[in-house]
Amino acid sequence: MNYPEIKLLIDGQWVASEKSIAVINPATEAVVGHIPHASAADIANAIAGAARGLRVWKRMAPAERAAILLKAAQLMRAREARIAHATVLEQGKSLAAAAFEVRRAAAILEWDANQGLRQYGQVVPLGPELRCMVRREPIGVVAGFAPWNAPIGSPMRKIAAALSAGCALILKPAEETPAGAFHIAQALVDAGLPPGVLNVLFGDPGEISRTLVESDGVRMLTFTGSVAVGRQLAQMAAARLKPCLLELGGHAPVIVCADADPVAVARLAVRAKANNTGQICVSPTRFLVAENIFEAFVQAFAEQARAVACGDGLAPDTHIGPLTNARRRQDIERLVDDARTRGARVLCGGERPPGKGYFYPLTVLADVPEGAQVLREEPFGPIAIINRFAQLDDAIAQANALNVGLAAYAFSNNADVQERLAAEIEAGSLAINTFTVSSAETPFGGIKDSGFGREGGAHSLDAYTVIKSVMQASHAQVLA
Ligand code: NAD
């Protein structure tokens with residue numbers, strides 16, 4: 001299977017460009033393809049096309065819109081092998097993980113498409129001949145920015161919600177991993193999406209985001225990525241009084257309580273940590289383990305972690321692939337070296353393997369001293385930090401100590417402890433006795449520096465709609 005020939009999608013047309021950007025396979029460091037670099041004229045055409053697409057799309061019946069979106073989801077499922085293969089080539093994750101991401105993205109589109117059928121309003125009775133109709137309307141043209149770590153699922157979060165709400169979208173996926181968004185766009189075009197409803201641009205992220213946020217034609221911004229870039233975009237949007245949905249970084253704590261089974265939890269934890277080579281904003285990272293089970297947990301975790309096969313995502317036995325880019329690996333090495341120098345125990349991993357590819361093994365750091373950078377800075381890679389706690393109060397305080405709050409995990413069979421953690425952990429999502437923290441059906445997003453707004457769940461279209469009140473009297477009258 002070849003890597004696809006990727007183009008920009010502008011106003012229903014597939015557009016090439018003179019200037020291009022190389023796409024690198026992180027497992028081999030070889031160039032797998034090139035994508036077009038949007039010019040200023042391409043960005044302007046996307047804005048104009050989106051305005052035209054919006055006029056058509058927002059007037060279509062919700063059931064007609066949903067039928068197109070559901071057909072696209074079906075096409076994604078039918079094209080799973082092709083999409084997953086391209087994702088492995090550009091992002092590095094295992095083929096099984098990429099295939100799972102295709103199915104998850106299709107499920108997100110199906111969920112949001114059906115939510116689009118339920119954008120109910122209200123009728124507020126104000127008197128015998130007077131009522132107010134409260135309607136939900138699409139906010140307008142949306143600018144979306146998606147990262148490289150979940151190159152199918154993350155663009156889909158933006159596309160599914162914006163389009164299901166009746167909005168048009170101009171999406172800039174990560175240039176490093178363009179194939180997922182390209183395949184989603186292709187499925188939507190093949191399913192009959194009208195021109196201009198979805199536009200996909202690659203190019204200079206700063207130029208594209210600045211132009212879109214400053215354009216009067218764009219009404220809202222949705223971004224998944226780093227806290228630093230999220231803050232920058234939010235500041236630009238604030239200057240133009242445009243709302244944002246921001247899904248930013250995390251540094252997920254995992255509280256393993258005294259009554260948990262250390263070996264069983266460690267086994268689950270290694271699988272969760274290895275997922276996407278740790279490059280996920282909800283990756284379990286700061287393990288806080290009760291003193292009485294600490295050593296048993298650390299030994300079981302390290303033993304399992306040593307057995308995790310690291311290799312090219314296309315190899316059948318690969319569990320973790322390479323990091324997606326060279327700068328990610330440099331950051332991981334810096335954080336491990338700093339922790340080691342400060343006296344952390346490195347129980348496995350901790351060294352870059354020789355040869356090509358941005359590989360780095362699953363690395364377990366135990367008894368990491370206060371002051372180590374990795375305790376504060378999200379590693380966004382294959383590092384597990386395992387520290388101990390004496391009292392639950394201390395574990396909760398440590399879990400809540402950072403200025404991010406996206407996902408958190410806890411393991412205990414005690415109902416009182418579970419209830420206390422549910423009330424006191426500061427995070428957008430808490431998973432108790434499981435590492436599954438989000439699905440199409442549940443709301444997902446952060447608190448504190450992890451961002452605001454929610455994707456998925458019953459409110460997934462809220463950020464993409466505005467409420468309009470229509471006051472309606474039965475005949476012309478003077479109201480009190
Ligand atoms: P980065 O901040 O340079 O880039 C993050 C993403 O934002 C990329 O997709 C990039 O194309 C885009 N971007 C950068 N500048 C932009 C701009 N001015 N306008 C619009 N988009 C812009 O970070 P990185 O080196 O790619 O990743 C570093 C950190 O980002 C990670 O350590 C992690 O903390 C965070 N991250 C978070 C997520 C997430 O799912 N929340 C995903 C990817 C990265």
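Tutor: In this predicted model, a surface patch is made of residues with over 30% relative accessible area and no salt bridge, and nonpolar side chains are joined within 5 Å.

Student: About how many Å² does the nonpolar surface patch made by Val124, Leu126 and Met471 cover?

Tutor: Val124, one of the patch residues, lies in strand S5, which spans residues 122-127. Because its relative accessibility is 31%, Val124 counts as partly exposed. Together with Leu126 and Met471, Val124 makes a nonpolar surface patch of about 270 Å².

Student: How are the rings of Trp148 and Phe380 arranged, edge-to-face or stacked?

Tutor: The model has seven aromatic pairs. In the pair of Trp148 and Phe380, the ring centres are 5.5 Å apart and the planes stand at 85°. Planes over 60 degrees apart count as edge-to-face, so the pair of Trp148 and Phe380 is edge-to-face.

Student: How many residues apart in sequence are the parts that Trp148 and Phe380 tie together?

Tutor: Trp148 is buried, with a relative accessible area of 13%, and Phe380 is buried as well, at 15%. Trp148 lies in the loop between strand S7 (141-145) and helix H5 (153-164), whereas Phe380 lies in the loop between strand S15 (363-366) and strand S16 (383-389). The pair therefore ties together parts whose separation in sequence is 232 residues.

Student: What kind of pair do the rings of Tyr409 and Phe435 make?

Tutor: The centres of these two rings lie 5.1 Å apart, and their planes are at 45°, so the pair is tilted. Tyr409 belongs to strand S18 (residues 407-411) and Phe435 to the loop between strand S19 (429-432) and strand S20 (447-448), so the pair ties together parts that are 26 residues apart in sequence. Both Tyr409 and Phe435 are buried, and their ring pair is tilted.

Student: Over the ring of which residue does the charged end of Arg65 sit?

Tutor: The charged end of Arg65 is 6.0 Å from the centre of the ring in question.

Terms used. Residues numbered from 1 in each chain as written. Predicted model: local features only at pLDDT ≥ 70, side-chain atom pairs only at ≥ 80, totals over all residues. Heavy atoms only, no water. Patch = residues over 30% accessible without salt bridge, like charges linked within 9 Å, V, L, I, M, F, W, Y side chains within 5 Å. Areas by Shrake-Rupley, 256 points an atom, 1.4 Å probe, with all protein chains shown as cover. Salt bridge = Lys/Arg side-chain N within 4 Å of Asp/Glu carboxyl O. Helix = DSSP H or I, 4+ residues; strand = E, 2+ residues; numbered from the N terminus. Buried < 20%, exposed > 50% of the residue type's maximum accessible area, 1.4 Å probe, protein only. Phe/Tyr/Trp six-rings, centres within 6.5 Å; stacked < 30°, edge-to-face > 60°. Lys NZ or Arg CZ within 6 Å of the ring centre and 35° of its normal.
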